[in-house]
Amino acid sequence: MPRSIFIGESFFCSPPTRNPPHENFRLPIGINCLHAVAMSDTAVTIAGTGSYVPEKILTNAELEKRIETSDEWITTRTGIKERRIAADDEFTSHMATKAGLRALEQAHLAPEDVELIIVATITPDTLTPATACYVQENIGARRAIAFDISAACSGFLYAMEIARKLIAGGTVHNALIIGAEKLSAFVNWNDRGTCILFGDGAGAAVLRKSQPGEGHILAMDLGTDGSLTHLLNIPGGGSARPITAENADEHLATLAMLGKEVFKHAVNRMKSAAETVITRAGLQAEDIACVIPHQANLRIIDAIADRLSVPNEKVFVNLHKYGNTSAAAVAIALDEAHRSGAFKRGDNIVLVVFGAGLTWAAAAIEW
Ligand SMILES: CC(C)(COP(=O)(O)OP(=O)(O)OC[C@H]1O[C@@H](n2cnc3c(N)ncnc32)[C@H](O)[C@@H]1OP(=O)(O)O)[C@@H](O)C(=O)NCCC(=O)NCCS
């Protein structure tokens with residue numbers, strides 16, 4: 001059922017139609033865009049990726065024993081076969097730290113040289129301080145500014161855009177961005193409509209200015225529709241509906257979702273966000289070596305690939321192993337795709353995500 005991972009064809013990107021490294025930057029006609037990468041000091045590259053998932057595996061077969069469901073139902077409706085569950089004493093910050101250290105190692109960046117840490121999460125260790133502060137302490141990044149953002153499954157790409165702009169603007173030289181979630185702590189394990197979907201994990205990337213000859217982030221697109229907050233949320237545990245002795249049995253601090261509605265919006269928003277960045281980057285669908293979508297549901301992924309006219313073999317899927325890990329999902333997928341050789345330097349890739357809010361985002365990247 002889960003699809004094999006495509007090892008992308010070599011693609012050296014030098015079409016004359018290619019846009020310059022920053023989508024707001026316009027070149028005089030006749031100037032080769034590849035030279036613009038070297039000339040521009042606003043191009044930002046991904047220098048390293050990392051990920052971490054907890055050891056404990058929860059299979060569909062094990063869920064069959066707990067709730068009224070079946071491996072067949074979960075597999076055909078979602079594509080998920082198993083998910084990872086963090087230990088009781090393993091927090092979001094611990095997973096974020098491990099993923100972050102792996103990304104730093106690959107980027108050859110010492111923790112003490114990190115200048116910015118952003119953790120995207122909806123399952124922070126504590127409401128305050130930010131999970132990023134624990135990560136800063138854990139890795140010894142004493143010079144780094146550290147804060148969290150909450151944009152649900154879109155959080156990693158929101159963090160990417162914030163970091164990109166702060167690097168391009170000269171505020172910082174580099175950034176460690178992390179998507180990390182312990183969703184198992186915010187799932188109602190008696191609700192078969194949601195508990196089968198989610199899992200725990202973390203993914204990370206190191207961003208810095210692009211050097212001559214390196215790839216860079218070509219274009220990004222972010223969006224939000226706050227009129228649809230009711231489709232997917234954790235209704236309790238915040239200041240609007242604190243958990244009290246009276247409502248403790250209502251599972252208010254767990255994920256609630258209108259699945260069919262979410263499905264429909266996910267397909268439409270991810271399709272248009274991906275198309276937007278492909279166009280802004282001056283690319284065609286056939287120029288894309290690898291699409292890395294949010295890992296929520298295989299049927300959603302298939303629908304997007306179909307609408308974008310990207311063959312399934314170029315779409316990276318790992319949700320059969322991890323389920324939906326929200327902000328961590330695209331970050332883990334990016335790391336696994338990178339390390340498995342699904343794309344290589346010079347290839348164009350597209351990341352596209354969708355989540356509660358509703359929020360969505362996409363990035364076109366020349367690797
Ligand atoms: C959740 C989702 C898999 C449900 O699939 P669906 O085809 O919409 O299924 P429905 O909710 O209509 O349920 C169909 C039937 O299956 C049942 N069902 C729900 N969960 C089930 C489970 N785990 N096992 C077995 N049956 C289940 C329902 O009760 C319903 O039964 P009924 O027809 O007797 O009422 C699907 O809507 C989805 O993936 N939505 C997007 C969710 C998502 O991606 N969220 C995160 C976004 S970041």
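**Close-up views of a predicted model**

**View 1. Helix 8 against helix 9.** The crossing of helix 8 and helix 9 is right-handed, a term used where the near helix is turned clockwise from the far one by less than a right angle, left-handed being the anticlockwise case. Helices (H or I, at least four residues) and strands (E, at least two) are DSSP runs, numbered from the N terminus. This is a predicted model, in which local features need pLDDT of at least 70 and side-chain atom pairs count only at pLDDT 80 or more, while totals for chains, interfaces and linings use all residues. Residues are numbered from 1 along each chain as its sequence is written. The axes of helix 8 and helix 9 (residues 298-308) cross at roughly 40° and come within 9 Å, the axes being lines fitted to C-alpha atoms, for helices over the stretch in contact, with angles from 0 to 180 degrees between N-to-C directions. Helix 8 is therefore oblique to helix 9; angles under 35 degrees count as roughly parallel, over 145 as roughly antiparallel, 65 to 115 as roughly perpendicular and the rest as oblique. From helix 8, Phe263, Ala266, Val267, Met270, Lys271, Ala274 and Glu275 meet Ile300, Ala303, Ile304, Arg307 and Leu308 of helix 9, where contact requires C-beta atoms, placed from the backbone, to lie within 7 Å. By class, this contact has 9 nonpolar, no polar and 3 charged residues (Ala, Val, Leu, Ile, Met, Phe, Trp, Tyr, Cys and Pro count as nonpolar, Asp, Glu, Lys and Arg as charged, and the others, Gly among them, as polar).

**View 2. The shell around the ligand.** The ligand is surrounded by 21 residues, of which the closest are Thr69, Arg192, Gly259, Phe263 and Ala296; a residue belongs here if its C-beta atom, placed from the backbone, lies within 6 Å of the molecule. Two or more residues of the shell come from each of helix 3 (71-78), helix 7 (192-195), helix 8 (259-280) and strand 12 (348-355), and the largest share, 5 residues, is that of helix 8. By class, the shell has 11 nonpolar, 7 polar and 3 charged residues. Because domain 1 (46-209) and domain 2 (215-366) both give residues to the shell, the ligand lies between them; the domain bounds come from an automatic or database domain assignment.

**View 3. Helix 4 against helix 5.** Helix 4 (residues 92-107) and helix 5 (residues 131-139) pack at an angle of about 55°, with their axes 9 Å apart, and they are therefore oblique to each other. Their crossing is right-handed. Thr92, Ser93, Ala96, Thr97, Gly100 and Leu101 in helix 4 face Thr131, Tyr134, Val135, Asn138 and Ile139 in helix 5 as contact partners, and by class this contact has 5 nonpolar, 6 polar and no charged residues.

**View 4. Backbone details in loops.** Most residues other than glycine have a negative phi, and most peptide bonds are trans. Thr128 and Pro129 are joined by a cis peptide bond, with omega about 0°, and Pro129 sits in the loop between strand 4 (116-120) and helix 5. Another cis peptide bond joins Gly357 and Leu358, with omega about -5°.

Key
Contact = placed C-beta atoms within 7 Å.
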